[in-house]
Amino acid sequence: MRFCPTCSNSENDARFYGNYCEACMGKKVLVKLDDSVKASICGKCGRIKGSGFFHKADEKGFETVLNERFRGYRVKVLGYSGLEVSAEFTADTGSGEIVVDKEVRLELSKVTCERCYRKSCGYYEAVMQLRGSAERIRRYEDKICRKAQRDEEFVTKVEENDGGIDIYLSSKKVASAILSEMGIKPIRSYTLSGLKNGRKIYKNTYAIHLW
Ligand SMILES: [Zn+2]
Ligand SMILES: [Zn+2]
């Protein structure tokens, strides 16, 4: 019969993880967890980041940040109030997984994320030139702006031009996604915009006729 060296509980009274009873193993796991973790917040868009990408500051975003900061644990957020996050930590003790609950405080430092930085510099990779019926142009403009937002990209600017509008987009990827989603076949053209690591970088222009 095993007895827990910390509290003398016997194997008959509690589940054991190695030499320790469940309660004592839980305490051992808890003391190793930090009370607070550092993360970054973008001062412009309010998204947060641990060690990876920026995420919305919601339950899912907090969960991603905590999983990045608490390596070796599986973290599930149970709720949060301001920057106090209550979470469930699953740890592998070597003799089975144990789950403990803990409140963790996020210590945020303000930064500017790359997306907001690019936005403030007027960065764009693709231009969609919409021409044709004013009503259809408005409808497509709307769809394009919504899609850009959904994909965490942005519309740099919209210019009235030549009886239509030019929509400047932050990424070619979102431009292609929009085109295939809408089933549009544009006339493509490419403008050399610079060099990156010796490779030529092009901005894509898509002429779209909506009659
Ligand atoms: Zn014990
Ligand atoms: Zn931002």
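## Loop residues with positive phi

Asparagine 197 is exposed, with a relative accessible area of 76% (exposed means over 50% relative accessible area, buried under 20% and partly exposed in between, with a 1.4 Å probe and protein chains only). In this predicted model, asparagine 197 lies in the loop between strand 12 and strand 13 (199-210). Its phi is positive, at about 50°, although the residue is not a glycine. Strands here are DSSP runs of E with at least two residues, numbered from the N terminus.

Aspartate 162 is also a residue other than glycine with a positive phi, near 55°. Its place is the loop between strand 10 (155-161) and strand 11 (164-169). Aspartate 162 is exposed, and its relative accessible area is 65%.

## Nonpolar surface patch

Strand 12 (residues 187-196) contains tyrosine 190. Together with Leu192 and Tyr202, Tyr190 forms a nonpolar patch on the surface, with about 330 Å² of accessible area in total. Patch residues have over 30% relative accessible area and no salt bridge, and nonpolar side chains (Val, Leu, Ile, Met, Phe, Trp, Tyr) are joined within 5 Å. A salt bridge is a side-chain nitrogen of Lys or Arg within 4 Å of a carboxyl oxygen of Asp or Glu. Accessible areas come from the Shrake-Rupley method with a 1.4 Å probe.

## Zinc sites

Donors are N, O and S atoms within 2.8 Å of the metal (3.2 Å for Na, K and Ca), and water is not among the atoms. Cysteine 21 and cysteine 24 are buried.

The zinc ion (ligand 2) is coordinated by Cys42 (SG), Cys45 (SG), Cys113 (SG) and Cys116 (SG), at 2.2 to 2.3 Å. Its donor residues follow C-x2-C-x67-C-x2-C in sequence. This site is tetrahedral, with angles of 105 to 115° among its four donor atoms. Both cysteine 113 and cysteine 116 are buried.

## Domains

The domain assignment gives domain 1 (33-112) and domain 2 (122-210); such bounds come from an automatic or database assignment. Taken over C-alpha atoms, the centres of domain 1 and domain 2 are 36 Å apart.

## Basis of the values

Residues are numbered from 1 along each chain as its sequence is written, while chains are lettered from A and ligands numbered from 1 in the order in which they are written. Local features need pLDDT of at least 70, side-chain atom pairs count only at pLDDT 80 or more, and totals for chains, interfaces and linings use all residues, while side-chain values use heavy atoms, with hydrogens and water left out.

Conventions:
Four donors count as tetrahedral if all angles lie between 85 and 135 degrees; four count as square planar and six as octahedral if opposite donors are over 155 degrees apart and all others between 65 and 115; anything else is irregular. Patches are made of residues with over 30% relative accessible area and no salt bridge: like charges are joined within 9 Å, nonpolar side chains (Val, Leu, Ile, Met, Phe, Trp, Tyr) within 5 Å. Helices (H or I, at least four residues) and strands (E, at least two) are DSSP runs, numbered from the N terminus.
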